[in-house]
Amino acid sequence: MSSRFLKILTAVVTFTAVSAAAQGRELRVCADPNNLPYSDAKGAGFENKIAQVIASDIGADLSYFWFAQRRGFLRNTLNANACDVVIGIPAGMHMLRTTKPYYRSGYVFVTREDRPPITSFDDPSLAHLKIGVQLTGNDGVNTPPAHELGDRGIVSNIRGFMVYGDYAEAAPLQDIVSAVTKGDIDVAIVWGPQAGWFASKQPTPLRVTPVADARVPLPMSFDIAMGVRKSDEALAAELEAAMIRRRADIDAILADYRVPRFAIPSQKAEAAP
């Protein structure tokens with residue numbers, strides 16, 4: 001066998017191996033199959049759309065490991081090596097390595113457009129309106145808005161909605177927003193991404209107003225990033241680079257899903273003269 005033939009054969013084998021590796025690359029996303037507007041098994045959520053953009057950018061096939069986003073979600077998905085990335089997670093979460101944030105959102109007031117708007121926890125009308133707030137977990141742990149209302153003595157006119165909703169429904173997170181439309185409550189204080197999406201789908205026009213003030217030392221807005229295992233530094237860097245390249249596509253998806261977005265503090269500081 002000539003040395004020239006050996007070189008050709010080596011080149012062919014190397015090319016074939018590299019091509020097979022490239023074709024076999026997979027971006028395994030940890031996600032909830034029934035969690036609109038974030039994700040669902042049909043790929044209809046905005047995190048599904050963002051995952052598609054990122055996978056395409058890095059040349060990977062997109063796959064999912066589905067698990068209900070409850071307590072134990074990270075333990076049973078990312079940290080069990082069943083998947084490699086969570087598309088939406090609070091930046092800096094200690095259980096994993098997070099990328100730089102790609103958006104910031106927060107709690108909002110949701111009211112009917114034919115009613116006076118609510119813009120502050122200090123609005124005197126909150127003392128007598130029926131108010132819907134989200135509660136986390138079966139033990140009814142309070143979210144930041146519930147603490148704000150309690151700090152002002154507004155308790156008896158509050159109706160709690162579980163933050164996970166009724167998982168037997170097709171869109172379990174919509175109930176608190178639908179309750180405003182139905183007149184079951186007068187105002188809902190809801191996490192922004194689900195408020196914006198479900199408000200846009202109601203038969204009655206609804207108003208979404210960002211929460212602007214807070215007394216208690218709990219944040220009303222959060223930076224949202226992608227999360228990987230702490231050891232996956234290279235993947236985190238690759239995702240960040242893809243997010244920068246596809247910034248316009250990601251922003252368009254967030255806008256399409258009516259996600260209320262606030263300035264990210266670090267980016268705001270970088271933009272200052």
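Helix α2 (residues 46-58) packs against helix α7 (residues 233-245) at an angle of about 105°, and their axes lie 9 Å apart. The two helices are therefore roughly perpendicular to each other, as angles of 65 to 115 degrees are classed that way. The model is predicted.

**Contact of α2 with α7**
- From α2, the residues making the contact are Ile 54, Asp 57 and Ile 58.
- From α7, Glu 238, Leu 239, Ala 242, Met 243 and Arg 245 take part.
- By class, the contact comprises five nonpolar and three charged residues, with no polar ones.

**Helix α7**
- The 13 residues of α7 reach 19 Å from first to last C-alpha, close to the 18 Å expected at 1.5 Å a residue.
- Leu 235, Ala 236, Leu 239, Ala 242 and Met 243 are the buried residues of α7.
- Viewed down the axis of α7, these buried residues fall within an arc of 125°, so they line one face of the helix.
- Glu 233, Ala 234, Ile 244 and Arg 245 are exposed on the face of α7 turned away from its buried side.
- The cover over the buried residues of α7 includes β1 (26-31), α2, β5 (85-90), β6 (97-98), β13 (221-228) and α8 (247-256).

**Cys 83**
- Cys 83 lies in the loop between α3 (73-76) and β5.
- Cys 83 counts as buried because its relative accessibility is 0%.
- Phe 65 is 18 residues from Cys 83 in sequence, with 6.0 Å between their C-alpha atoms.
- Apart from neighbours within four places in sequence, Cys 83 contacts Arg 28, Val 29, Cys 30, Phe 65, Thr 77, Leu 78 and Arg 229.

Conventions. Residues are numbered from 1 along each chain as its sequence is written. This is a predicted model: local features need pLDDT of at least 70, side-chain atom pairs count only at pLDDT 80 or more; totals for chains, interfaces and linings use all residues. Side-chain values use heavy atoms; hydrogens and water are left out. Axes are lines fitted to C-alpha atoms, for helices over the stretch in contact, and angles run from 0 to 180 degrees between N-to-C directions. Helices (H or I, at least four residues) and strands (E, at least two) are DSSP runs, numbered from the N terminus. Angles under 35 degrees count as roughly parallel, over 145 as roughly antiparallel, 65 to 115 as roughly perpendicular and the rest as oblique. Contact means heavy atoms within 4.5 Å. Ala, Val, Leu, Ile, Met, Phe, Trp, Tyr, Cys and Pro count as nonpolar, Asp, Glu, Lys and Arg as charged, and the others, Gly among them, as polar. The expected span of a helix is 1.5 Å times one less than its number of residues. Buried means under 20% relative accessible area, exposed over 50%, partly exposed in between (1.4 Å probe, protein chains only). The arc is that of the directions from the helix axis to the C-beta atoms.
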